[in-house]
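Good morning. Please have the structure open on your screens, and we will walk through a few parts of it.

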Amino acid sequence: MPHHYPFSAVVGADDMALALTLTTISPAVGGVLVRGEKGTAKSTMVRGLASVLPPIEVISGDRFSTDPRETHPLSPDGPFAADAATESRPVRLVELPVGATEDRVLGSLHLEKALSEGVTTYEPGLLARAHRGILYVDEVNLLHDHLVDLLLDAAAMGLSTVERDGVSIEHAAQFVLVGTMNPEEGELRPQLLDRFGLTVEVSAPRDPIQRVEVVKRRLAYEADPDGFAARFADDEAELTDRIQVAQKLVAEVQLGEWALTKIAQVCAAFEVDGMRADIVTARAAAAHAAWNGRTDVLKEDVRAAARLALPHRRRRNPFDAPGIDEDLLDAILDDDDEPEPPPPPPPGDDDGSPLEDGPEPAEHDTSPSETPPPQRDADAQGPGAQDVTVDAPGKPYRPRLFTVAGTGAGESGHRSRAVTQDGRRIGAERPGVRTGSIHLTETIRAAAPHQGARERKGRRIAFRGDDLRVAVREGHESNLVLFCVDASGSMAAKRRMEQVKTAILSLLLDAYQRRDKVGLVTFRAGEATLALPPTSSVDIAAARLDELPAGGRTPLAEGLLKAAETLRLEHVRDPRRRALLVVVTDGRATHGTDALGRAHEMAAHLADTGVTAVVIDCETGRFRLGLALQLADHLMAEYVPLGEVSATALTDVVKGAA
């Protein structure tokens with residue numbers, strides 16, 4: 001079998017190599033999350049890690065990789081004799097696919113034997129296989145939230161528990177969790193980010209000499225994998241020996257009063273939440289000292305640990321860029337006095353919450369000190385074009401909830417009703433495409449009519465495989481939220497675009513929390529553009545929104561057509577994910593002949609497809625044309641004035657009506 005690309009052969013990933021090394025020296029650090037653009041050797045380095053780790057001793061024949069030195073092993077294959085045979089084997093690298101089921105991760109119980117014979121038969125899952133090894137999740141940001149929670153809980157507790165309708169199995173699950181992700185494909189929730197011990201940002205080298213070396217090494221590896229691995233064999237062996245020494249030495253490392261105080265000062269100065277940052281930084285600093293052959297923690301150890309343990313813990317909402325002020329870090333470590341606090345957070349971020357109840361968008365303060373002046377776009381010229389402006393959104397607020405009509409069957413989320421693997425039980429069915437917990441009552445009911453024809457042992461019910469029924473549960477799913485935004489000249493009047501962007505930003509934050517995909521179609525100056533294809537990254541959506549100009553005529557029909565095409569293609573790619581179309585406009589159509597009639601025809605066509613839609617009316621002023629309401633009628637959509645997007649505004653409207 002060809003060798004993996006050698007760990008020591010990867011160019012320009014020093015921080016990633018250090019983070020992976022520290023967490024293998026001290027697994028209590030809590031694993032590593034590697035963030036970076038595609039093509040930056042994230043997966044290559046992780047797969048090469050297992051080959052440089054020292055081999056481990058296990059009990060022969062044990063499926064759970066029990067350590068022979070363990071006095072009370074937590075293995076379903078036990079108990080073991082004191083003189084049980086042992087063997088040495090390499091550390092396993094277990095890869096968890098994004099589409100894995102919970103049974104594949106935790107393991108599965110043979111329910112038919114458990115019900116009919118009272119025998120608990122357990123088939124180990126990926127967590128059992130990864131015990132005392134590495135569990136690698138590529139594209140961890142695309143993994144279902146409940147699976148990420150499950151992995152992180154197992155990693156933190158060091159054991160895995162499988163419970164199925166009163167039958168319980170427990171086994172040791174101590175592994176190094178490594179996740180890689182491309183932030184362009186969506187972010188992990190801050191709560192999950194915090195559970196990873198260390199985080200590294202990687203990017204392709206910008207130095208041409210390094211890039212040339214990367215290409216040379218890759219081509220040499222592909223031409224002769226075995227020969228290429230032999231070139232780095234000595235380096236790999238040296239790494240293995242050094243890691244083995246550090247693993248033994250880390251228990252002897254002393255975290256003195258100075259080191260603990262500095263770690264506390266650093267974490268306090270960077271305003272990280274909770275105490276996990278202090279604990280992880282301390283463990284990583286000790287591992288770094290052992291890696292360098294020392295038993296005392298020095299300033300360089302604390303600095304290295306803080307650079308890896310703190311950046312992702314400073315994010316307060318999904319639009320915050322991860323990172324750390326290294327100048328402030330050095331100032332704290334160099335100064336024995338009380339450290340200077342970091343700069344205050346931007347207005348509205350001091351409570352750590354991305355969504356707040358706030359005033360209606362129309363009431364934002366537009367004083368020069370609060371809002372930057374609109375910027376003129378010199379490229380916007382042509383007949384009928386107005387001056388093009390770029391307004392920044394205001395402070396987001398908590399919006400009202402918009403949902404897709406009916407009951408879906410999409411991926412678990414927090415928006416619309418759907419049949420999912422969690423939620424309240426509403427029925428039972430035979431196992432099929434959907435899997436879930438056994439519905440005991442319905443299983444017994446299915447088996448009862450056949451008891452006379454089956455051989456029974458005493459009074460025990462005789463079950464067969466086709467008796468099995470699993471629970472059907474109703475919970476919530478995530479959706480595709482496609483924004484179709486009018487960015488024409490009428491939207492630039494009276495700072496209306498600022499209010500529109502604020503509303504959309506608030507809805508984007510809401511979509512992030514509900515695990516939705518988002519897309520953005522804009523229309524202005526005679527054309528419609530798919531500004532952002534459907535994605536899980538609301539960071540990118542927010543950036544595109546911030547840059548969105550306003551000006552020119554209003555091609556409403558073209559915008560709706562582009563939205564229809566986007567929804568059709570996305571349905572082909574992901575047929576289970578239902579869509580919510582959010583049209584943000586004042587309803588005007590001024591581009592082309594019979595512009596308004598064509599827009600209404602296009603709206604009726606969209607309504608015929610069955611898509612759930614919302615029309616947010618941006619028209620303001622005393623005298624209104626009511627065109628957005630007409631558009632909502634043709635689209636068979638919910639009609640919402642811009643000022644009622646806020647959940648607080650909706651509450652006020654309801655109270656007023658009462």
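I start with a definition: contact means heavy atoms within 4.5 Å. This is a predicted model, in which local features need pLDDT of at least 70 and side-chain atom pairs count only at pLDDT 80 or more, while totals for chains, interfaces and linings use all residues. Residues are numbered from 1 along each chain as its sequence is written, and side-chain values use heavy atoms, with hydrogens and water left out. Helices (H or I, at least four residues) and strands (E, at least two) are DSSP runs, numbered from the N terminus.

First, a helix pair. Asp15, Leu18, Ala19 and Leu22 in H1 are in contact with Ala304, Arg307 and Leu308 in H13. The residues of that contact divide into five nonpolar, no polar and two charged. Here Ala, Val, Leu, Ile, Met, Phe, Trp, Tyr, Cys and Pro count as nonpolar, Asp, Glu, Lys and Arg as charged, and the others, Gly among them, as polar. At what angle do the axes of H1 and H13 cross? H1 covers residues 14-25 and H13 residues 299-309; their axes come within 11 Å and cross at roughly 100 degrees. The axes are lines fitted to C-alpha atoms, for helices over the stretch in contact, and angles run from 0 to 180 degrees between N-to-C directions. H1 and H13 are therefore roughly perpendicular to each other. For that word, the range is 65 to 115 degrees; under 35 is roughly parallel, over 145 roughly antiparallel, and the rest oblique.

Is Ser26 buried or exposed? Ser26 counts as buried because its relative accessibility is 12%. Buried means under 20% relative accessible area, exposed over 50%, and partly exposed in between, with a 1.4 Å probe and protein chains only. Leaving out residues up to four places away in sequence, Ser26 touches Val250 and Ala287.

Next, helix H2 (residues 42-49). The buried ones are Lys42, Ser43, Met45, Val46, Gly48 and Leu49. They pack against several elements, including H1, S1 and S7.

S7 itself spans residues 134-138. Four of its five residues are buried, so S7 is largely enclosed by the rest of the structure. Two strands pair if DSSP finds at least two bridges between them. S7 pairs in the parallel sense with strand S4 (residues 93-95) over three bridges, and Val94 stands opposite Leu135. S7 also pairs in the parallel sense with strand S10 (residues 176-181), over five bridges. There, Val137 has Gly179 as its bridge partner.

Now an antiparallel case. Three strands form an open sheet in the order S14-S16-S15. S14 (412-420) and S15 (424-429) are the edge strands, each pairing on one side only. From one strand to the next, the twist averages 35 degrees. S15 and S16 (residues 470-477) share five bridges, and Gly427 stands opposite Val472.

Last, Ala579, in strand S20 (residues 579-585). With a relative accessible area of 17%, Ala579 is buried. Thr403 is 176 residues away along the chain, yet the two C-alpha atoms are separated by 9.4 Å. Residues that Ala579 touches include Val404, Leu480 and Val611.
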